[in-house]
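Hi,

Here is the structure I promised to pass on.

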Amino acid sequence: MSGRADSDTDPEITDPEAAAAQDTEPDAVPDEPDAEPDDEPDDEPDDADDPAEGARRARWTAAGTGAVLALAGLAAALLRLNRSAPALVPAAYAGGAAVCAGAAVLGSRGRTRRALWLLIAGVMVMAVGDQFD
């Protein structure tokens with residue numbers, strides 16, 4: 001495979017007004033060609049171009065998801081501990097919760113890829129506990 005697109009695609013349009021005009025009316029002309037451009041800078045920087053913002057978002061997402069899954073696993077382990085279930089069931093939930101808590105710590109330190117894999121492993125361990133229930 002060459003990785004090249006074989007379809008006939010239009011070039012990317014970066015101007016939102018031009019894209020809207022092209023979508024609605026193909027032969028439309030902008031309403032006010034004499035309008036002055038907005039000289040005031042935007043108050044908020046563009047988040048898509050800031051790699052630090054993307055990394056910060058990934059850290060918060062990994063840490064938050066890990067914490068929520070750890071609490072859910074701990075709650076499930078406590079609920080299964082009170083019922084008459086095999087001992088493997090609450091142990092699996094507690095083990096998965098511990099793995100997710102570790103993922104939350106790694107995510108808060110910026111190791112988001114490792115945190116993602118630990119989150120997957122923790123949920124899989126909890127799913128094994130659910131299968132034994």
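One thing to keep in mind before anything else: this is a predicted model.

Let me begin with how helices α2 and α3 cross, which is left-handed. Helix α2 covers residues 51–82, and its axis comes within 7 Å of the axis of α3, with a crossing angle of roughly 165°. Anything over 145° counts as roughly antiparallel, so that is how α2 and α3 run relative to each other. If you sort the residues of the contact of α2 with α3 by type, you get 18 nonpolar, four polar and two charged.

Next comes the pairing of α3 with α4. Helix α3 spans residues 88–108 and helix α4 spans residues 112–132; their axes come within 8 Å and cross at roughly 170°. That angle makes α3 roughly antiparallel to α4 as well. In the contact of α3 with α4, the residues split into 17 nonpolar, seven polar and two charged.

While you are looking at α4, find Gln131, which sits in that helix. Gln131 counts as exposed because its relative accessibility is 66%, and the cut-off for exposed is over 50%. Gln131 and Val89 are 42 residues apart in sequence, yet their C-alpha atoms are 8.4 Å apart in space.

Now for the charged side chains. Side chains of opposite charge can pair when their charged atoms come close. How many salt bridges does the structure hold? There are two, and Glu53 takes part in a bridge with Arg56 and in another with Arg57. Here is how they look:

- Glu53 with Arg56: the N to O distance is 2.7 Å. Both residues belong to helix α2 and are three residues apart, about one turn of the helix.
- Glu53 with Arg57: the closest N and O atoms are 3.8 Å apart.

Together, Glu53, Arg56 and Arg57 make up a network of salt bridges.

Cheers

How values were computed. Residues numbered from 1 in each chain as written. Predicted model: local features only at pLDDT ≥ 70, side-chain atom pairs only at ≥ 80, totals over all residues. Heavy atoms only, no water. Axes fitted to C-alpha atoms, helices over the stretch in contact; angles between N-to-C directions. Helix = DSSP H or I, 4+ residues; strand = E, 2+ residues; numbered from the N terminus. Parallel < 35°, antiparallel > 145°, perpendicular 65-115°, else oblique. Nonpolar A, V, L, I, M, F, W, Y, C, P; charged D, E, K, R; others polar. Left-handed = near helix turned anticlockwise from the far one by under 90°. Salt bridge = Lys/Arg side-chain N within 4 Å of Asp/Glu carboxyl O. Buried < 20%, exposed > 50% of the residue type's maximum accessible area, 1.4 Å probe, protein only.
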